[in-house]
Amino acid sequence: VTTRTPLMAGNWKMNLDHLQAIAFTQKLAWALKDAKHDFDDVEVAIFPPYTDLRSVQTLVDADKLSLSYGAQDVSAHDSGAYTGEISGAFLSALACRYVILGHSERRTLHAETDEVVGSKVKAALKHGLVPVICVGETSEDLEKFGASAVPVAQLKAALEGVEGTPDLVVAYEPVWAIGSGQAATPEQAQTVAKALRDALEELLGESVAAATRILYGGSVKSDNIAGFMREPDVDGALIGGASLKVDEFSAIARFRQ
Ligand code: PEP
């Protein structure tokens, strides 16, 4: 039996400048340290804006914080004439472990297609970053195709051409649940997480499917996290709004209590 370390991932979106990020990260580190014995076996990761990453790296290094971090997107390209883009090489140089890819806000507000997400997944892996691949259906998709079809198709497209035993995280985020206050039920999350794990097995084999953490995202809070974590195929959460409140986010990480 593979044991997957639960991952609680905080997506800050476009919030907190680098000075605010320093103050926030210090407070979060204290809250996590205070409760260390409670969640030694939970990985906590933060996803600040690009401009905060160097500051976060400095804090994590200086204080030896057991906090992972990553970026919210990456360029599909390595370097060159791509004004405004950030290379995976730059993120690796800042010791980022993760990068969020294909978030629904990127897909809808920045017209990211499955093909674009797929090329970013390859760029991330090439630079030693663990992609957190976001998939999820809209409410129209849910009505038309049921819950699993669109997320599974998005995952397959994102992994097109990926081979071997890549280190991946998949985040199931129903678009209708993001920022709406209306989370999916744990049963709904489990159904789709299982379908995604089956797709991983089909594409990359049993050991990758067993090792990959599948997160649920969409209006996760400290008072609903435990229900999701009881499901066998849900291995953590991607958290937006609640990740910007130290008490809420650290309470989510303490879901076992
Ligand atoms: C997200 O944007 O990834 C997310 C899950 O947001 P929220 O937790 O605010 O619904």
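Before the annotated sites are read, one caution applies: UniProt positions are given in the numbering used here, feature names are shortened, and annotations may be inferred rather than shown by experiment. The model itself is predicted.

According to an unreviewed UniProt entry, the feature "active site" falls at H103 and E173. These two positions span 71 residues in sequence, yet no two of their C-alpha atoms are more than 8.4 Å apart, so they gather at one spot. H103 belongs to the loop that runs between strand 4 (98-101) and helix 4 (104-109).

The ligand can be considered next. Around the ligand there are 13 residues, of which I178, G179, G217, G240 and G241 come nearest. By class, this shell comprises five nonpolar, seven polar and one charged residues.

The helices remain to be described. Two packed helices are described by the angle between their axes and the distance between the axes. Helix 7 (residues 149-158) packs with helix 8 (residues 186-204) at an angle of about 30 degrees, and their axes are 9 Å apart. Because angles under 35 degrees count as roughly parallel, helix 7 is roughly parallel to helix 8. Their crossing is right-handed. On the side of helix 7, the contact is made by P151, V152, L155 and K156, which meet V192, A195, L196, A199 and L203 in helix 8. The residues of this contact are eight nonpolar and one charged, with no polar ones.

Which residues bring helix 1 and helix 11 together? Helix 1 (residues 18-34) and helix 11 (residues 246-253) pack at an angle of about 40 degrees, with axes 10 Å apart. That angle makes helix 1 oblique to helix 11. The crossing of helix 1 and helix 11 is right-handed. In helix 1, the residues F24, K27, L28, A31 and L32 meet V246, F249, S250 and A253 in helix 11. This contact of helix 1 with helix 11 consists of seven nonpolar, one polar and one charged residues.

Methods. Residues are numbered from 1 along each chain as its sequence is written. This is a predicted model: local features need pLDDT of at least 70, side-chain atom pairs count only at pLDDT 80 or more; totals for chains, interfaces and linings use all residues. A residue is near a molecule or strand if its C-beta atom, placed from the backbone, lies within 6 Å of it. Ala, Val, Leu, Ile, Met, Phe, Trp, Tyr, Cys and Pro count as nonpolar, Asp, Glu, Lys and Arg as charged, and the others, Gly among them, as polar. Axes are lines fitted to C-alpha atoms, for helices over the stretch in contact, and angles run from 0 to 180 degrees between N-to-C directions. Helices (H or I, at least four residues) and strands (E, at least two) are DSSP runs, numbered from the N terminus. Angles under 35 degrees count as roughly parallel, over 145 as roughly antiparallel, 65 to 115 as roughly perpendicular and the rest as oblique. A crossing is left-handed if the near helix is turned anticlockwise from the far one by less than a right angle, and right-handed if clockwise. Two residues are in contact if their C-beta atoms, placed from the backbone, lie within 7 Å.
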